[in-house]
Amino acid sequence: MGNALIPVKKTLLLLLVVVCSITTGGPFLWVAALSLRTTPEILDHPYRFPLHPHFEKFVSAWTHSNYGLYFWNSTLVVVTAVVIVTLLGAMAAHGLVRYPFRGNRGVRFLILSGMMLPPQMLILSLFQIMFNMGLYNTLGGLVLVYVATQLPMTIYILESFFAHIPQDLFDAAKLDGYADFEIFWRIALPIGTPAVFTTGLLNFIMLWNEFLYAVVLLTDNSKRTLPLGIMFFMGGHQIDVGMVATGLIIAILPVLLLYTCFSETMIKGMTAGAVR
Amino acid sequence: MAVVKADRLCKEYKGHADLAVKDVSFTVADGEFMVLLGPSGCGKTSILRMIAGLEPITSGDLLLNGKRINDVPAKDRDIAMVFQSYALYPHMDVYSNLAFGLRRRGFPPAEIDRRVTATAAKLAMVPYLKRKPMALSGGQRQRVALGRAIVREPQVFLFDEPLSNLDAAARFTTRNELIKQQKELGTTTIYVTHDQVEAMTMGHRICILNHGELVQIGRPLEVYQSPADTFVARFLGNPQMNMLKGTVALNDGGAFLHVAGSSIELAAQALPELRKYAGSAVIVGVRPEDLYEHEPAALLERLVRIPARVIAVEPLGAETLLMLALPDSKEEIIARVGRQTGVRSGDTTTVALDTAALHLFDPATKVAIPYFRR
């Protein structure tokens, strides 16, 4: 009876995988096809395969529309934010796990409550604060906002990983003569590398695609990040669909590359416990 | 040269009504191997962690060479500890694990290399210096953990049940290795275990703890032969000491102990202590090895034979355990006899009891009463 059910179960699972793949991969493949076709071609036949691919569109997108500058801005903001948020998050997670202090639970709740609020709720007050502090329309300001928004999730993931590192390792390091910060730097952080790397990668992907804070807090063209750059292919009256698609593919490339190279490490980091 | 003195040490954990360690005092002499023995939750690991500096001391004093070290941080105590889980740094190879403590203490690289290599050679770990802990067997990891303690040449070694994660064979060899290393180095050692075999074979002295209190301290055989109370008597020895009901009778002819249907005449020197038990019950302890199936000629005059029914026979290879029911009192006892025993389950037999090897305990306080057979 149980064995007879296995093929049915397998078929259902396979069907689910196929449906998921089509719904997530389909739109992406469609945009990839659009990126190699011109707008008039697309308007004639939206779903056609690019039989005569226009690779020159990538060169034109990069050279004619400040893509180099947007790319550099995105890299600067995202990499800086990811480095800061990863280090701060790791320290906070280690502190919350290893040093039970009065009010520990309250602090944890305050930090994690940051994950519950939708960004739309914060945007007005955030705009006002940034404006008053002279951080409006600066890349540094955006870095700060990115660090603040990604910190709760980073702490949440790292805390559960760090909690699984045996206390004995920290005690052994103490007896070996090391002080608290050295123990974090030389024991907790290296052992937590899989989780630290995973949160770094997740944060990179999320921030690289971030649009809302960037569009509200940056107005100067020379400071725009990639997602804003793509918006510029959309004119007031008509949309250059072909170029938007090309811009999107250029923007996605780094994330795609990172994910292709490190997807296995990422999954391992999310699922593995600490090494005993 | 290191003398560790615990003076009325107490440990209280938040949220627990009872003290985990209550007024424990002992002194470990220079070069001595002291074993803290007791069941889980008896406070032995708490004591060790207080000595290491990993737990704050609630009250009492801890002295190292006469100097109070209650408030000295763990990193400055010059004490090394081997953990039950080995606690090897998983991201470092064996060499770095051994060198980690020396690097922090600012030793020059050449000296670090000399010490690490010498320690690895001593523990036969040279071929594994470049391996990560994950690639080592349990016994090898244990040796690295020991090496990490040795390489620093600390004043005191602390061991927290270091053999409990090893299989029986590795446990035997590592135990002997530890004894050998400690003897060679002569470093003062405090060793925590719940395993009586480790305690009996390794320690110069054993400190037995129960419910956070020190029950008895002494040399292994001394404690085994003269347990301070029924807890120690049962805790040491496998199978446990048999506990029988006995009564003390005093009459004109002298003092007599009635147990298992036999009457044993007691010596005059036992009288002062036994007078208060006259006519009342006492607990009589008999170790399984003090019951004989065949009477040894040398002990004949000390033996009394008691009738028993065999409930079960457990041949262990080198010896056989007999589970016996005493018909008069319905008490059950275990006798350790030779492997060649002919008795079977259900048989009625007699076993000889060595009356010189009995132990008496107060039924209320469970504390030992001096016993002298005439």
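In chain B of this predicted model, B:Leu299 is found in the loop between the strands β15 (291–292) and β16 (303–315), where strands (E, at least two residues) and helices (H or I, at least four residues) are DSSP runs numbered from the N terminus. Because B:Leu299 has 15 C-beta neighbours inside 10 Å, it counts as partly exposed, the class in between buried (20 or more other C-beta atoms within 10 Å of the residue's own) and exposed (12 or fewer), with C-beta atoms placed from the backbone. The C-alpha atoms of B:Leu299 and B:Lys366, which are 67 residues apart along the chain, are separated by 29 Å.

Strand β7 of chain B, residues 156–160, is mostly covered, with 5 of its 5 residues buried. In a regular strand the side chains alternate between the two faces of the sheet. In β7(B), B:Val156, B:Leu158 and B:Asp160 point one way, whereas B:Phe157 and B:Phe159 point the other way, and all are buried.

Two strands are taken to pair if DSSP finds at least two bridges between them. Strand β6 of chain B (residues 79–82) pairs with β7(B) in the parallel sense over 4 bridges, and B:Val82 stands opposite B:Phe159 of β7(B). Strand β8 of chain B (residues 188–193) runs parallel to β7(B) and is joined to it by 5 bridges, B:Thr188 in β8(B) being the bridge partner of B:Val156. Together with helix α5 of chain B (residues 168–185), β7(B) and β8(B) make a right-handed β-α-β unit, in which the path from the first strand over the helix to the second runs clockwise when the strands point away from the viewer.

Residues are numbered from 1 along each chain as its sequence is written, and chains are lettered from A and ligands numbered from 1 in the order in which they are written. As the model is predicted, local features need pLDDT of at least 70 and side-chain atom pairs count only at pLDDT 80 or more, while totals for chains, interfaces and linings use all residues.
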